[in-house]
Amino acid sequence: MEAINLLHYLNFSPPTSTTKFNLQNVLDTPYSKTSSYRNSNPITSLKSRHAQIIKIPENSADSDIKIQSLITSYFKLGDFQSATKVFFMGSPQKTYLHWNSFLEDFTTYGGGNPNQILEIFVGLHNMGVTFGSETMATVLKLSANLSDSLLGLEIHVCLIKKGFDHDMHSKCALMNFYGRCWDLETANKVFDESSNRSSSLLWNEAVLVALRNERWSEGLQRFRQMKFSSVKANNTFIIAKVLEACGKVGALDQGKQMHGYVIRNAMESNLLISNSLINMYLKNGFLELARAIFDLMENRNLSTYNSIISGYASFGYLEDAWLLMNEMGNCNLKPDIVTWNSLLSGNLHRGLYHEVLVLFQQMQIAGFEPNTRSVTTVLQAISELFCLNLGKSVHCYVVRRGLVSNLHVGTSLLDMYVKNNDLNTARSVFDDIKESSIFAWNSMISGYSYNGDMENASILFNQMKIEGIEPDLVTYNSMVSGYSMIGRINEALATIRQIKNSGLNPNVVSWTALISGSSQNGYHRNALEFCYEMQREGIKPNSNTIASLSRGCAGLSLLQKGKEVHCISIKKDYTEDAFVCTALIDMYGKCGDLKSAYRVFQRAHTRTLASWNSMIMGFSTYGRGNDAVSLFHRMKEEKMQPDAITMTAVLSGCRNSGLVDEGWRLFDTMETEFRINPTIQHYSCMVDLLGRAGYLDEAWDFIEQMPIEPDSAIWGAVLRSCQIHDNIQLGEIAAKQLFRKEPHNPANYIMLMNIYAASKRWDDVDKVNDLMDRRSVKLGHVWSWTEINKIVYVFSAMGDPRLDAEIYFELYKLMSEIKDKGYEPDTTCVHQNVDEEEKEKALLSHTEKMAIAYSLIKTKGNTPIRVIKNTRTCADCHTFAKYISLERRRHIILKDGIRFHHFAEGKCSCNDFW
């Protein structure tokens, strides 16, 4: 382009002297490079022959043949400038056939720079050589192809001066030029200013200009105008392009009309049109119609087969695609790299990642060298399979084949390393990408964010802006997700504000990331508030939002809110989503509605491992160990392989129901049958199971034989068991371990004091109290709460003067009623050295009793009472709830710090094993 810029301005003035132009004059000008070849024998010989041709009279019959031979000879010797000058000067009035032949030779012999043609044209024009409209139009097209807009404008001026601008070929060349180098509107002005609209050539170009600019709808509209103008469309290339546009914009009806036009004009035998019809139907989702076209074709080429194979593969009919590839030999055709890539992509989109790797290997065995598309496809499959070593092998292949500089390959490599958590190598790949796209930046930032490395993510985010690349919504969403996942909710919320300040609008992904992170980190109330804010901004939740909201409701045990979320999921048809289904099961289980949890589980068409685990854990938490074990066996019958979480859930069921033998059997089969190595959670369940059942010696032996060191959960299980079975000696050992591991956890001190108080060892109780004072261990707040008419009422030991009088009046009345039924206060639950009367009064202040009493006051009929308590309920409150359920005929669901208790008709779901 630099050479052209030096001669860019065409000289529109006539030559100052009467120069005689001939081939020898032109070849002797400084524009020729033949001087560098003068010492070469072939060039010298060619020059001699050239001189002889010049001496032959111009009206010689074989002059054109000799000039063409001369041009070809110059091309073969690599003297492209001389060949071009001979072409121009041999006969300045060139036809389009001459031009096509010349450009074909120019391309065939290679090495020539098309800019040289323009350079020589400018030079000859400024020397006074005149050219016909065909030459001017062709040079204008060449200017458009090379995006030389200034030269194109000058040629337009020249066409106007010479009166060539009304020529149809010149008009078409001008439309092509403005469409490529300026804009569609300017090209349309050329068309609109044309006086003769009856030329199909002009209409064809108008349609093509729109389609080349990917203005598909406008191209189709222009084609309709062409038909209404009674101009016949008989150009197969135009029809093929219009069919392509119908596929691009999903214009099935117009595509069918085009199909009818093809049939009426007997054009269905044209291979290009038939292939375009197949692609049009495939893009519109009609595989059967595409196959019908394919079956009716008498002649098929490689493009035909690639189109139909790609269609079958993309629709998931991979076996049919494979059969079609094997049938190609019947037409004497062989698959090419495009065929193999179609099969690779089809398997990838169906989630058949292992099959992608097998096909990739078969492709190489068949002798095909993978290209960039093959490599990016296999890298995506490796990313999903988390096969880092295999990914590194492909990386080596990419380096050997010199594909690493390709932007798509580099980005796919980066994404593969990010998904395999090899961020150091990912960063090396990122740094090696010379011109990183927004996709590469987003992939690297999301890698850091997903792994919680927000420091590097922030550095990269700021560096991105410094380098002039504006973050898009994907970038911001990665930052929101990263901050949310590690619990930095304020920074995540600030990023949401940043999105708005940048001129973008946070979408459902942005808000869902914030809601999900809040739920996962225990900020359940924040999660609900963010959801309200999202809805105020007019953004509707998606399935991931619903799943996150369900977790938030589960964390707060807000059953009514959870039901509202369930209603939304039904309206939005999200109930078949596996994540939503699992979240709903978990929500109902944690909100005390096990029946609804099981109903959702039973109605799920696709049950994931997570949904089985949630349901088993639901039964376990309610003390329905036999149901948990039964569901576990049903899960195995349905060929679902349990994982470590499953075993924790089912062992918890055995623990909460005292199923010692079943617990032992399940624990022993973990390694032998399921190949699951027991973790500290499984050992903790077994210790708790044995301890609660009274097998404290066996629990101690089990701890001593454990291959891993006991943690605070195991010692806590031992201490709770000692409290149940009044084993002071072992309890002191467990407490000593807990005081060392968790010196500031007040629950451990309270349990030891309760053990001492039960044996009336008040001096030891005081010693533990003194120890707590010395270590500055503070007792946490004890509270219970219940939800009535969508209002949450919280009850604490501090009391609420506004409610206390009404509640205590109800409690005294209830006590009178149930004492007549045989209730006796269990004063052993009061671990204070006071008289029995004071202990009975102290029992009345337990928060779960207050919550139950207030619920009885404010609710009528058979409405279940649901109470949440943050610590373990005492034996007296447990007995109290059983009597109330019988006396008032109400279901009471009490969730304490460990499990659920469902009281009905004087009985508890735990069968008094808790």
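## The second largest pocket

In this predicted model, H35, strand S5 (900-904) and strand S6 (907-908) each supply at least two residues of the lining of the second largest pocket, where helices (H or I, at least four residues) and strands (E, at least two) are DSSP runs numbered from the N terminus. H35 contributes the most to this lining, with five residues. A pocket here is an open set of points on a 1 Å grid over the protein atoms alone, where a 1.4 Å probe fits, with protein on both sides within 12 Å along at least five of seven lines, and lining residues have an atom within 4 Å of a point.

The second largest pocket holds about 500 Å³ of space, the volume being the space filled by probe spheres set on grid points that are joined across faces, edges and corners. Of the 20 residues that line the second largest pocket, Leu-594, Lys-595, Arg-624, His-891 and His-902 are the closest to its centre. By class, its lining has eight nonpolar, six polar and six charged residues, with Ala, Val, Leu, Ile, Met, Phe, Trp, Tyr, Cys and Pro counted as nonpolar, Asp, Glu, Lys and Arg as charged, and the others, Gly among them, as polar.

The buried residues of helix H35 (residues 594-603) are Leu-594, Ser-596, Ala-597, Val-600 and Phe-601. Because they cover an arc of only 165 degrees around the axis, they lie on the same side of H35, the arc being that of the directions from the helix axis to the C-beta atoms. Lys-595 and Arg-603, on the other side of H35, are exposed; buried means under 20% relative accessible area, exposed over 50% and partly exposed in between (1.4 Å probe, protein chains only).

The cover over the buried residues of H35 includes helix H33 (559-571), helix H34 (578-590), helix H36 (609-621) and helix H37 (625-637).

## The largest pocket

The largest pocket has a volume of about 1,900 Å³. Of the 50 residues in its lining, Gln-723, Ile-750, Asn-754, His-831 and Arg-872 are the closest to its centre.

Helix H42 (712-725), helix H44 (746-758) and helix H48 (847-858) each provide at least two lining residues of the largest pocket, and the largest share, nine residues, comes from H44. This lining comprises 23 nonpolar, 18 polar and nine charged residues.

Ile-309 and Leu-514 touch the most other members among the 238 residues of the largest nonpolar core, a core being a set of buried Ala, Val, Leu, Ile, Met, Phe, Trp, Tyr and Cys residues joined through side-chain atoms within 4.5 Å. A second, separate core of 26 residues includes Phe-795, Ile-807, Leu-844 and Ala-853.

Asn-347, in helix H20 (residues 337-349), is buried, with a relative accessible area of 6%. Leaving aside neighbours within four places in sequence, Asn-347 is in contact (heavy atoms within 4.5 Å) with Leu-318, Leu-352, Glu-355, Val-356 and Leu-359.

## Positive phi

Glu-214, in the loop between helix H12 (200-212) and helix H13 (216-228), has a positive phi of about 60 degrees although it is not a glycine, and Glu-214 counts as exposed at 57% relative accessibility.

Asn-911, in the segment after S6, has a positive phi near 55 degrees and is exposed, with a relative accessible area of 64%.

## Basis of the values

Residues are numbered from 1 along each chain as its sequence is written, and side-chain values use heavy atoms, with hydrogens and water left out. As this is a predicted model, local features need pLDDT of at least 70 and side-chain atom pairs count only at pLDDT 80 or more, whereas totals for chains, interfaces and linings use all residues.
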